[in-house]
Each structure stands twice: as structure tokens, then as C-alpha cells.
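Below are my notes on the two-chain model you sent, as numbered points. They cover each chain, some of the packing inside them, and the contact between them.

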Amino acid sequence: MKISGQKSHFLFPSEFNILFFIVFCLLIASFLGQYSAFNGEFDGFVQKHLMRIIVGLVIMLGMYFINFKIWSNFAYVFYAFTFVSLVIVDILGSIKLGAQRWIDLHFFTFQPSELMKLALILALARYYSVLSLLEIREPKNHISPLILTLLPSILVLKQPDLGTAGILFCVGLGMIFLSGFPLKIFGILIVTGLLLCPFGWFFLYDYQKKRILSFLDPNSDPLGAGYHVLQSKIAIGSGHLFGRGFLRGSQSKLNFLPEKNTDFIFTTMAEEIGFLGAFLIIFLFFALTIYFFWAASESRRPFPWLLCHGLGMLLFLHVFVNIAMVMGIVPAVGIPLPFLSYGGSSLITFMISCGLIMSALSYRRQHADV
Amino acid sequence: MLASEKSQKDRKIRAKIIIFLVIVLSAILLIELYMLQVHFSEKYSLMSDKNRIRLSPVLPKRGRIITSDGKIVASSVHRYRLIMDYCNDKIFKENLTLLDRCLKLSEHDKQCIAEARKKARPHMSFVIKDKLSWDEYASISMDLFKFSNLSLETIYVRNYDMPLEFSHVIGHTGRSDDSIQILTGKTGIEAFLNGRLIGTIGNLQTEVNALGKKVRVTNFVEPKNGKDIKLTLDSKIQKYVYDIISEEKAGACVVLDILKGEVLAMASVPGFDVNLVSNKITSSQWKSIANDQLFPLINRAAICVYPPGSVFKIVVAFAALSEGVIAPGDRIFCSGGVKQDDRVFHCWNRNGHGSLDVCGALSWSCDCFFFEIARRLGIERIVKYAKKFGFGSQTGIELPNESYGLLPTKSWKFLRYGTSWKPYETMIVGIGQGALLSTLLQTAVMMGKIYANDYNFTPTMIRDNVKARTWHPIDPKPLETIKKALCQVCLYGTASRSCNTHYGISGKTGSSQVRKIKTEEAGVNQKKFDWKLRDHAFFVGCAPHNAPRYVVAVLIEHGGGGGAVAAPIARKVFDKLMEKQR
């Protein structure tokens, strides 16, 4: 059923304009950032990145035309499929005696842990969308979502990928909170969880312990484990208000920065575009998150409402943890910055997220009466 | 309807909490960004300008491995290579033309360099030319200042002098997985004593100019080279042993000096080229080694396990004498087979050995005799004595992943198969077959324990490895009988054709079956079977008779009879050892 008086539009309704504008700005920033991080060389890696951006755009726009109901119907199937591929990656990893996080499909490699983020959100949204208020009040109905969250988190933690495992866990918790989990019990769980944290120390790998120690005092061993974060802070700090100028960041160009095109891309860019540019990037991410939440509030049905909130939390968690990490606010964990970091899996995941948002909004328009 | 509205309201509040959190966290990010880029920016700019110190690791030289006769079997040698930092196309081309003038590169070289650049990880330096000759090294280091981002690097590679002979004992090395890529032992002594061999990594702190070029060295922490390791193995004996075994398809040999408690030789055939595996190996070369039907990568002396066969009868005879289930003079009649659990278990000699005492049974390796005393002993008592002689546990040799072997017991069988232990299984274990498994080294150590008269005898391969151990003497009465019997084996028993010598060898042959033998195949010459179906040939012996010193254990995989195949080889090794002693 269509709302009467709606403006005719070409392909996409005008309410997507803001989304398109934000994503477009971020993608341009992404391309320029990578171009600079690769020392101003277009051939090879940057070309590949541009290809991924285009593929991502096509996927995002294509998602708009997929019936939204499919996501609700196939949420569990999608979750099961992703979970199985996670297990496969774990087994392959243990056979090859080393960390492996991706599956090689010859024409491209994909990282199930990235896909798991979406699968988890879909599955949880699907689960809670059919529960009634009374059922949600019952703590026992929250056990299976907790298992749905914990299983992939533990698998990813074993890979070992502390960052992604943490994101999965936090997004899952956020969804459980949003669904209406009794606040008292939630509070108690959080407090006991925090109290148990010191015991988790024993389960961490040596290199992870080193990172956390160096985070607590980065200057203690500037050429050791805290080196990266200190160099990153120097790079950001030397950017000043207006930056050193495009392609002129000395920290990144002289290879003081590690991973300057993946996890530390924000540093690379902040050094060159300064406070004003970096502020703009953070603002774009903030605006995109708020757009996701707005999309949630627009849809009255529980499934899209939970889904949009989940995606918004996923996006913001990535942004916050990554940027906080390069500024030394949180310990160094390997989390890519959405849209900007080099690497296909992460980019495609967030392009799909945007596509899901569009899909949810258009579904709401078609079923406005409900 | 009311309930759903209430839940809607509740959820809206929760969503607002989330949005509130997002705003707070964003604010934190922006405040921190402001602090870094505006408030403290002067401080960080200064640090950035000063940011000229680079730290690079300086690798130590890995320790050598030297045999007891002074031959350096593993050493680290220098190699020079040319490294290029990641750079853009323009600089790359400039460098290449300059390099061409210096080195006179061929077209193929240029292609290789371009290829290496493509394959290099983003922003990582890559190797332009490996294995620089001294002349090349000299000419480039003269002109190095002209290049903007080339550097010369000295690395160490491992060189093995006797790669095949020592392949399993010394093992191979590879680069460590971290970014430093230091030489690290992967197998054998290289892995077991990696900590001693590897040394300590040094540091070179250099100052670079604004272009990232090194200006001067600010600090240098010298690396500490690894320690040399001296083996007890003798390169000549090792080579001799390896060459002899190599005449067969696959096998192994262990030579012990029981006076000093040292391993003189430990060879496993076929060996593999450790030089190839440790350094650059192509995937097809690796595949040909890894997929070889004879499994050259396996150490047949200490890691591969076999049923010990008749060699194990020594332990069973000793147990029977100690426990008093049989006296040295008691005789048991062998008719050529024993019936148990509705099955007939044949002696290897289907015509029977007649009436034999312990000495006779060991010299002729009579199966029926041992079926009977194993039945009398029971599996628990056999295992008890086997453990004393070192079966079922590691001998403690300086090799990683040494096998334990397997001593089957009732509880083991129940846990493994969930079925109960059958009486006939005790009998089969009594002749060293069935589920029983041991390494060749374990059988050699058993022999060493007997002739060193010490349950705690454990050999070592490392010279300065002083193992504190106590003497734990073996019960002399049964031991005398066993020694007498082992002497008889070589005088007129199963090994008499090859081991009857003037200096006197004592030993035991063994032929361990790898399958069940059908009635019609009894007594057929082993050479007529497929290689894979033939028995494993064992011989474990000690010499000379009046002052036991050397233990030799020989295994020929699928060799056939122990007396016919393994014993002559052991004889040759003994001859060589006696010649050396004189």
C-alpha cells in the first residue's frame, strides 16, 4: 500500500539523500586516505581498493531491491551458515598450525568473523521480534540469545582475534539490553562481569597481555609494545589544526606507523588533514550512526527496529574502538575503521549494513499502516 | 494492546540510553582529538621532528654443532643480500638504472626484481638480490650512498656438513614466524636445544634524516652468539652405519657406548637433505620429500614405533626367572604350536623345537616356550618388568617428540576398545607382537641396561650433559642366565651364521610380523612377499664379551628375518667399533 501524495522519485526515494551523502563522503575520504597511505601510488593496492568500493556500492544499492522479509525468514539459516564457516576456519587454522581468519574461495577470500557480526544481529533481531512483553520479562528466555552471542565470540577469540570477539560480545549484549532484558539482572550481570575481568587475564595470550600492559603505560617502553600507540599519538598530534597537507604526513611516509593503511588509517589521515578534517570524519560517523537509529525509530515493527539499532551499535562500536585505540584511550586491538580501512571484508560488511537500512526503510513505507 | 504499548515505551527509553552513550563516547573522542591536535600539538610536533630514531634487530650467529671427533656438522655462514625499502615507481626506476650500472643486471634479473616488488607486502622492504658475491658486495657498498633506499643486509644461513647422515639427529632449521625471522630449530637437536644454540638478539639504533635515510648510529647493543654444542656422536661411525643401512630400503641403527652412557651413532634411512629443507626449498622439492613412500622425514630410531618382536623375549625371560615361574633348568616342550581360545598359535618353526630350557628357548627364539611362560606370568607382571627396562616411556634422549611406545594392559584395552583382555593376547605380547610397540632406541637402551647392570642407564647425545642419576643394580641371578643365553644366540643360535666372532657378541634377533601369516605361507622365504608385507628385521647386541662396551641395535624395515638380514649388518658395525677400539 502506498502513501498518497508521495513525491515521485527516480529509483530511490529522497529520504535516502542524507544516507547517500554521508556514505559518499566517507568513500571519497576512504579512497583519498588509501591513496595517501600508499604513498600516492594509484597502481596496485589503491586500484584494488577502488574496485572494492565500487563493488560495495553495487551491493548496497542492490540490497534495496531485495524483499526485506527475506532477512527475517532466513536470519537463522544465515547465522548457521556463518557459524559453520567460522568452525571450518578454526579447523583449517588448527590443521595449518597458525592463525587463520579467512576462507579462500579463489576469486576472493572472505572472513567469516566479519559476516558473523551481521549474522548475529539478524539472528537476535529475529529471535526477539516474536517474543511478547511477558516472555521478555522472563530471564530464561534470554538464555538462547546469550548462547547465540557467546558461541561465535569464543570461536573468534580462539582465532585469536580479541577485537572482533569483543565487538561481537558487546553488540550481542547491546541487543539483549535493547530487547527489554530486566534491568536489575542486567546491572548485576554487568557488575559481576567487571569483577571477574581480572580472572580473564589468565586466559589471554602473551602478546595480548603485553598490549594491555603497554596501554596502561605507553611511555615505559617506547620502542617495545607501546611503540605503535606512541607513534600514532605523535602522528595525530603533529597534525595541528589544519594538518600537514595531503600526502605530506612525515610520520606515515617515513614508516614510523605500523599498519598505516588498515588499523591506523585514522592516524595517517589525521596527520595530513588536521583537527578540522579529523573532526569532520568523526562527525560523519556520528551522523551515520544517528541515521541508523533514526531508521530504527521510523519502523514500528520489532524486527527492523532491533536490526537497525544493532547495525547502528555495530558501526559505532567499530568507530569508537578504532579511533580510541589509535589515540591511546583503549588498548591496541585489531579493529578496522569502517569504510576507511584497507581490506574487503570490513568494507563489504558495512556496505551491506547500509543496504539493510535502506531495505528496512522501504519496507516500512510499503507497510505504513501496520 | 496496553502491554505492547508499555513495551514500546520501555524500548524507546532503552534506545535513548544507547543514543546517550553514543553521544558521550563521541564527545570523548572529540575531546581527546582536540587535546592531541590542538592543546598539546606543540609537544607532539616536537616529538615528530625528533622522531628520527629507528630500531633494527641485529641477529646473533647460531651456535655450531660438533661431533665427538671434531667435525663441524652444523654451522652458520654469512650471506649478503640487497634490500630495498618500499618506494614509488619513479624512485624504483632510478634505483634500478643505478643498480644496473653497478652490477650489470641481466634482463632476467630485472624481471625478478620487478616481480619481487609486486609480491612484497605494502610498505615492507623486500629483497632485491640474494646471495651476493664478495665482489658484488664490495662494489655496491662503495656506491651505496647514491641510492636513496637501498641497504645491504648480512644474514646467516645454516649449513650442514653431512646432511643425509645426520638429518634426523640434528634436524633442520627455519625462520621464526615473527618479524625478526631469526634461525630457529624445527626438529632434532636443533629444536631440542634451540635455546642454547640461538643466542641473544642485538639492537641497532640509528638516526635517520627527513628522507628516512640513515645518518648515524646512536646506540648498538651487540648480539650474543649462540653456544656451540658438542655431540657424543662420532661422524665416522655415523657415516659408516648410515652407508651400511642405506643398502636396504629403509631402516635404522643405534650405537651406544655403555661405559660412558653415550650415543655413538643414530642413523635413520632414508635421510633427507637438511640443507635443502632448512634453506630455500621449492614446493615441488618439498612435495617430493614429504610424499615419498618411504617417509624420509620420520626418525625411525626414536620416533617411529614397531612391534619389537623376539627382542622382547629377553624381558619376558627375565621376568619369568625373577618371578620364579620357571627355574633356569626347567624345560618346556615345543611341538610347533599351542592351542588357546580355540585358535592354534604356531611357533615360527612349525616342526617344533622339542624340549628347551630358558637358554635354549632364547637362542632358538622358540615361540611356544614364551607363549607358555607369558601365560604363567600374566600381562601385569610382563608390563611391570618391561617398564623397568624402559619400555612404554621416553628414554630421555635429547630429541623432541620422542615416542613412548605402547605397553598394552587390561585397562588400556578396555579404555581403547571397550572389550576385555583375552588370554591369547598375553601370549602374543610374550613374543613381542600384538599391540606392543617400542622404538629402536628403547630396545637398544634395554640392552644397555642389561650390560651396564643398571636399571637407570640412560644414554645421552650431548657431551657436557651431565645427568645426575643413581645406580640401580639389576637382580644378578636371572641376569646371569639371560647373559649366558644371549651369548649362545650368537654362538650357535639364530645369529650364529653372522655373529660368531673372536671378540664375542651377545645379542638377540627379532623378526616382527606386520600381518597374520596364513598356514600355506608358513616357512616361505620372505623375499617372495611384497616389500610391505615382509617382517621387520631386528638385531640388538652387545660386544665384546669379556668387557661389554658397545650396544648396537639394527632395524631393517620389512627386511625379513632378523638373523638373516639385521644380524650381519650389526656384525659389520661391531667389527668397525672393535677396529676403532684397538
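1. A residue counts as buried here if 20 or more other C-beta atoms lie within 10 Å of its own, with C-beta atoms placed from the backbone. On that basis 41% of the 582 residues of chain B are buried. The model is predicted, and the points below should be read with that in mind.

2. Chain B contains 21 helices and 19 strands. Taking the contacts in chain B between residues at least 6 apart in sequence, 71% join residues at least 24 apart.

3. Chain A has another make-up: 15 helices and two strands. It has 370 residues, of which 47% count as buried. For contacts in chain A between residues at least 6 apart in sequence, the share that joins residues at least 24 apart is 70%.

4. One open sheet of chain B has five strands in the order β12-β11-β19-β18-β17, with antiparallel pairing. Its edge strands are β12 (262-269) and β17 (506-512) of chain B, each of which pairs on one side only. On average, and ignoring direction, neighbouring strands of this sheet are turned by 5° against each other.

5. Within chain B, strand β18 (residues 536-543) and strand β19 (residues 550-556) are joined by seven bridges in the antiparallel sense. Here B:Phe539 has B:Val554 of β19(B) opposite. Helix α18 (residues 440-452) of chain B lies across β11 (251-257), β18 and β19 of chain B, and runs at about 155° to β19(B).

6. In chain A, helix α2 (residues 45-63) and helix α15 (residues 344-366) have axes that come within 7 Å and cross at roughly 25°. Angles under 35 degrees count as roughly parallel, so α2(A) is roughly parallel to α15(A). The crossing of α2(A) and α15(A) is right-handed.

7. Which residues of α2(A) meet α15(A)? They are A:Arg52, A:Gly56, A:Leu57, A:Ile59, A:Met60 and A:Met63. Their partners in α15(A) include A:Leu347, A:Ile348, A:Met351, A:Ile352 and A:Met358. By class, the contact of α2(A) with α15(A) has 11 nonpolar, four polar and one charged residues.

8. The crossing of α13(A) and α14(A) is left-handed.

9. On the α13(A) side of this contact are A:Phe266, A:Ile282, A:Phe285, A:Leu288, A:Phe292 and A:Phe293, among others. Among the residues that they and their neighbours meet in α14(A) are A:Trp305, A:His309, A:Leu315, A:Phe316 and A:Val319. The contact of α13(A) with α14(A) divides into 16 nonpolar, five polar and no charged residues.

10. Between the chains, 43 residues of chain A are in contact with 35 residues of chain B. On the chain A side, two or more residues each come from α8 (162-179), α11 (227-237), α12 (250-253), α13 (265-298) and α14 (302-326). The largest share, nine residues, comes from α13(A). By class, this side of chain A has 25 nonpolar, 15 polar and three charged residues.

Definitions and conventions:
Residues numbered from 1 in each chain as written. Chains lettered and ligands numbered in written order. Predicted model: local features only at pLDDT ≥ 70, side-chain atom pairs only at ≥ 80, totals over all residues. Contact = placed C-beta atoms within 7 Å. Helix = DSSP H or I, 4+ residues; strand = E, 2+ residues; numbered from the N terminus. Nonpolar A, V, L, I, M, F, W, Y, C, P; charged D, E, K, R; others polar. Buried ≥ 20, exposed ≤ 12 C-beta atoms within 10 Å, placed from the backbone. Axes fitted to C-alpha atoms, helices over the stretch in contact; angles between N-to-C directions. Parallel < 35°, antiparallel > 145°, perpendicular 65-115°, else oblique. Left-handed = near helix turned anticlockwise from the far one by under 90°. Pairing = 2+ DSSP bridges.
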